[in-house]
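Hi,

Here is the structure I promised to pass on. Have a look at it first, then read my notes below with the picture open beside you.

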Amino acid sequence: MGKDDRFDDKLEEKIDELVERKGISRRNFLKFCGAIAVTLGLEASYLPKIAEALVSGPRPPFIWLQFAECTGCTEAFLRSSSPLIDDLLLNKISLEYHETIMAPAGAAATKSLDEAVAKHAGKFFVVVEGSIPLANNGNYGLIGGKTMLQIAQEVCPQAKMMISLGTCAAFGGLPAAAGGLTEAECVHGALNGLPTIKLPGCPPNPVNFAALIVNYLLFNDFPAVDKLYRPTFAYGTTVHDLCERRGTSWCMQGFGCKGPTTYHNCPTVKYNDKTSWCVQADCPCKGCAQPDFWDKGSFFNYSGRYGA
Amino acid sequence: MARVVLDPVTRIEGHLRIETEVSNGKVASAWSTSPLFRGIEPILKDRDPRDAWMITQRLCGVCTYVHGVTSIRSVENSLQITIPENARIIRNLLMGAQFIHDHLVNFYQLHLLDWVDVVSALSADPAKAVTVDNQINSARTRTTSYFTAIKQQLAAFANSGQLGPFNNGYWGHPAYILTPEENLVFMANYLEALKAQKEVAHMHAIYGGKNPHPQTMIVGGITLNKDLTSSRITEFRNHVTAAQSFVNTYYLPDTTYLLGRYKDYVNYGPAENLMSFGEFPLSSSEPSSLFFPRGAIFNRATSSVQTVDVNNISEHITHSWYAGSSSRNPAQGETVPNYSGLDTAGQYSWIKAPRYQGQPMEVGPLARVMVNYGKGHAATRTQVSAFLQKLGLSLPAMYSSLGRTAARAIETKVIADAMVSWAGQVTATTPSTSAMPNRKTFSMASSGSGVGLNEAPRGALGHWVNYSDQKITNYQMVVPSTWNFGPRDGNNVPGPVEGSLTGVPVADEARPLEVLRVIHSFNPCIACAVHVFDPNRKSTFEVSAQ
């Protein structure tokens, strides 16, 4: 593939090096840069900067904490593509602590956490997955003998930024749904309003997570957020307004679709390398990125096509 | 005597603590603790049973799909629904894709670092790595420059000083016995698998809308309608073929070779009793048409597989953090959470201790493969025999940590092969081939009760539902990790994992690598294992299970 005159020689060299080292195609790499630009709402002139941010620079340290969760957010993160998940893990971020992935266990794992917090205080990103059970003095959730609340209190305020990933971390999610016994709360609430960026979704879309990181690498800053601390690039418009079926005879509004009241960019970024998303697969939006979505009535209109 | 505690156990789903008592360099006793309680059952109460799958699917984002479809099956069982043929096939394909994905990730991302020393890989000779690669599978065509690039990538990572997830691993532990070249080949495949699993997950996106947490489930069928086209069917088939190729080229040969190098693990992590509920209905008739049959094996008697009657399940809470009576059938289960601090002599887990005919039962890949074998499942027998022959072992060797990890790869191969033909049986939507619920054939009842049984990648799974006025009155689940990771029962008999850890060598008490190997052979997935009932509800289930 030929050179691109938008990029200077030094950047070209770095891209070549990356392409060769990773065995990924140059075309796919540039396609990803373009996709990130679209997701973040940036003009095409930012393309070289995005490429630059992805191929150079120190790797920002990340600490990933898992509380009352199902690991679906981690699984979503593992579906990241271009930069492929292996590239993201080895070359883009430094994942200092993540219980699902890390090699050490037990005391050695806890040591990794303690070391990372001490070494990178004020500089690391903390990603929180899951909500925090507050009932029973926090004893519904223990890791290494500490309550999840204790761990959150010790680690999160030391971070440069807290990312509440997924609906449980962002809004309490399923453990906080009606009928729950554990008084689960979102981490922002459990830590008395500690500043955060929320990326709700069940699961959250890894494209938006990647865009958040790239945005930081680009501007050394965080994107604009709404009143619920959601980045507007991903949560500024309703699913319905972005939906390819809006105004067509295939619109699912009559079947209980929550698209009109759900703010998320699913129709444009889709899931699993743009393979599909809920409405494309003929099921109504369940509103999984909205607060309290578990308690907003049935997920289908059973008197319609999906009834019996 | 020393107490060695692993908390948190990492490279698993969920939160797990394992405590062992080590004596003369070996584990003498073990205690399995789940330290997280989410309380999903009470959240299900009073909801429409047709919505329950959305919630139960969130029991686990790793075993995604399985708790969703099991819930759907329980409601369909209550209504005696036969789903459209297209929906049956698609559900089998979604389940099969889940098996392939889950097992790949277990072997490469969760289990492999127990056997492979990353640091040693840095001193490998890439040319010699090619030789090793071809020894593992002669069909591989990777070159010296490929392994040079992998080595450079790992070296650049190590030299950056930011070791991230590899920091503080048990590198250099005497139990790591592979050569630097073997370690390099396996690290290369760790990275290849990371990419492959992302592709495998596309299958869920095609027929489920997304992964994790596919969304096309509905009581009576599958929502797919407009998007069930011939090009989607082809797209899915291409992914199955690619996944099958990865299993044949990498996963099965890698597993066979690695276990051949760690053959002593035939002596550790023993299994005694096994149970499988069976999976993949090949017609509307269950359990007779199940591709993987239902059955139980006691005391390693592979040739005499027993039938399974779920009425013989009881759950003990003697050593769990609940108040109430000590042993009940899940159909009458009721439990009050009662945390009393961690005491291995008393109560020490949120998981209950399920028993079948009073016995602890191991569930999962080993159970399925041995039940299949005992029942004469041809494809399984072929793969088991090939594996055993390659390692110079006989059938009893399967009842071990080694056999458990082998069984996972063996059944992945069997399932991937079967999926290739299933994928060709799906038909694009027409008025007569719709996968959607056929409203003419059933109507939602006001009240009812049903059971949904299946095999999740980690083992036998059952959901029981009771409802009246179209609202759930009682919901109960018995899940794989409850069977495997449960604590001691009322008779102080250890759970399968606890029992299986006895005798495992521990060369270095500060770094119990060998213990981790046996734990990971069970592929712990803990988020779903903990569950509770609303103490105020005492309704019982009236279900005649097969």
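Predicted model: local features only at pLDDT ≥ 70, side-chain atom pairs only at ≥ 80, totals over all residues.

To get you started: which are the buried residues of α11(B)? They are Pro365(B), Leu366(B), Ala367(B), Arg368(B), Val369(B), Met370(B), Val371(B), Asn372(B), Tyr373(B) and Gly374(B). That makes α11(B) a mostly covered helix, with 10 of its 10 residues buried. Just after α11(B), you will find Gly376(B) with a positive phi of about 80°.

Chain B has an average pLDDT of 92, and 95% of its residues score at least 70. One stretch to treat with care is residues 532–546 of chain B, where pLDDT stays under 50. For that stretch the model has 38 contacts beyond four places in sequence.

**Chain A in pieces**

Chain A is divided into domain 1 (9–54), domain 2 (59–233) and domain 3 (237–295). If you take the centres over C-alpha atoms, domain 1 of chain A and domain 3 of chain A are 30 Å apart.

**Where the chains meet**

On the chain B side, 75 residues are in contact with 70 residues of chain A. The elements of chain B that each supply at least two residues to that side are β1 (2–6), α1 (41–44), α2 (52–57), α7 (144–159), α8 (180–200) and α9 (202–208). The largest share comes from α8(B), with five residues. By type, the residues on the side of chain B that touches chain A divide into 35 nonpolar, 25 polar and 15 charged.

While you are looking at α1 of chain B, find Glu41(B), which lies in that helix. Is Glu41(B) buried or exposed? Glu41(B) counts as buried, because it has 23 C-beta neighbours inside 10 Å and the cut-off for buried is 20 or more. From Glu41(B) to Val240(B) is 199 residues in sequence and 35 Å in space, C-alpha to C-alpha.

In soluble globular proteins, nonpolar side chains tend to be buried together. Here, the largest nonpolar core holds 277 residues, and Ile63(A), Val126(A) and Leu93(B) touch the most other members. Helix α4 (residues 85–111) of chain B gives the most to this core, with 14 residues.

Helix α13 of chain B (residues 401–423) has 23 residues. From its first C-alpha to its last, α13(B) reaches 33 Å, close to the 33 Å expected at 1.5 Å a residue. Of those 23 residues, 20 are buried, so α13(B) is largely enclosed by the rest of the structure.

Helix α3 of chain B (residues 66–79) passes the length check too: its 14 residues should span 20 Å, and its end C-alpha atoms are 20 Å apart. Since 13 of the 14 residues of α3(B) are buried, this helix is also largely enclosed by the rest of the structure. After α3(B) comes Gln80(B), with a positive phi near 55°.

Start with the cis peptide bonds. In chain A, one joins Cys202(A) and Pro203(A), with omega about 5°. You will find Pro203(A) in the loop between β9 (197–199) and α10 (206–219) of chain A. In chain B, a cis peptide bond joins Asp7(B) and Pro8(B), and omega is about 5°. Pro8(B) has its place in the loop between β1 and β2 (17–23) of chain B.

Then there are residues other than glycine with positive phi. Gln357(B) has phi near 50° and is found in the loop between β14 (353–356) and α11 (365–374) of chain B. Gln470(B) has a positive phi of about 55° and lies in the loop between β16 (459–468) and β17 (471–478) of chain B. How exposed are these two? Gln357(B) is partly exposed, with 15 other C-beta atoms within 10 Å. Gln470(B) counts as partly exposed with 15 C-beta neighbours inside 10 Å.

Enjoy exploring!

Conventions: Residues numbered from 1 in each chain as written. Chains lettered and ligands numbered in written order. pLDDT = per-residue confidence, 0-100. Contact = placed C-beta atoms within 7 Å. Domains from an automatic or database assignment. Helix = DSSP H or I, 4+ residues; strand = E, 2+ residues; numbered from the N terminus. Expected span 1.5 Å × (residues − 1). Buried ≥ 20, exposed ≤ 12 C-beta atoms within 10 Å, placed from the backbone. Nonpolar A, V, L, I, M, F, W, Y, C, P; charged D, E, K, R; others polar. Core = buried A, V, L, I, M, F, W, Y, C linked by C-beta atoms within 7 Å.
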